[in-house]
Amino acid sequence: MSVDVQTEVVIARPRVEVAAFAANPENAPAWYVNIKSTEWKSEPPLRIGSRVAFVAHFLGRRLAYTYEVTEFRPNERLVMRTAEGPFPMETTYTWESTEEGSTRMRLRNRGNPSGFSRLFAPFMVAAMRRANRNDLARLKSLLEHT
């Protein structure tokens, strides 16, 4: 079973501000509940080919993985992939301006769990959807109250 979870939020801030904050890996621990730290494995700034290591806690487990940026259009779209661990994952952020001057941000995680992780895929989808909603709510709160 493949996993494909997409969530979105509208943030009352201009797209350039939302995208700049969300695309900066150093800000991830501030808005991702489960991400505890990040570390550049390539030289900043973010671009195609950039590599960033993340340490997260998810479903009671410590996860360490390195994402590689495979697509980056500033203020529009960011795609990162990791092939590490039992759950290879692709994460996509997209940003669109609304008519009111706010930003619609979409967060999509998809992948194909292998081995033992495959058995938990249905449970992981629900947990990821809940975590993503919480993360986007936290991002909205941070950006709208600064």
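Both Tyr-65 and Tyr-67 are buried, where buried stands for a relative accessible area under 20%, exposed for over 50% and partly exposed for the range in between, with a 1.4 Å probe and protein chains only. The model is a predicted one, in which local features need pLDDT of at least 70 and side-chain atom pairs count only at pLDDT 80 or more, while totals for chains, interfaces and linings use all residues. Residues are numbered from 1 along each chain as its sequence is written, and side-chain values use heavy atoms, with hydrogens and water left out.

**Exercise 1.** Work out which secondary structure elements the protein has and in what pattern they follow one another.

*Solution.* Begin with the count, which comes to three helices and seven strands; helices (H or I, at least four residues) and strands (E, at least two) are DSSP runs numbered from the N terminus. Next, reading along the sequence gives β-α-α-β-β-β-β-β-β-α. Finally, the radius of gyration is 15 Å, close to the 15 Å from the globule rule for 146 residues, so the protein is as compact as a globular protein of that length; the radius is taken over C-alpha atoms, and the rule is 2.2 Å times the number of residues to the power 0.38.

**Exercise 2.** Determine how the rings of Phe-54 and Tyr-67 are arranged and which strands they belong to.

*Solution.* A pair of aromatic rings is described by the distance of the centres and the angle of the planes. Rings of Phe, Tyr and Trp (its six-membered ring) pair if their centres lie within 6.5 Å, with planes under 30 degrees apart counted as stacked, over 60 as edge-to-face and the rest as tilted. A search of the whole structure finds six such aromatic pairs. For Phe-54 and Tyr-67 the centres are 5.6 Å apart and the planes at 85 degrees, so this pair is edge-to-face. Because Phe-54 lies in strand β3 (residues 51-58) and Tyr-67 in strand β4 (residues 61-73), the pair ties together parts that are 13 residues apart in sequence. Phe-54 is buried, with a relative accessible area of 5%, and Tyr-67 is buried as well, at 8%. Tyr-67 also forms an edge-to-face pair with Tyr-65, at 5.4 Å centre to centre and 90 degrees between the planes.

**Exercise 3.** Identify the residues that form one aromatic cluster, and state what percentage of the 146 residues is buried.

*Solution.* The cluster is formed by Trp-31, Tyr-32, Tyr-93 and Trp-95. Of the 146 residues, 42% count as buried.
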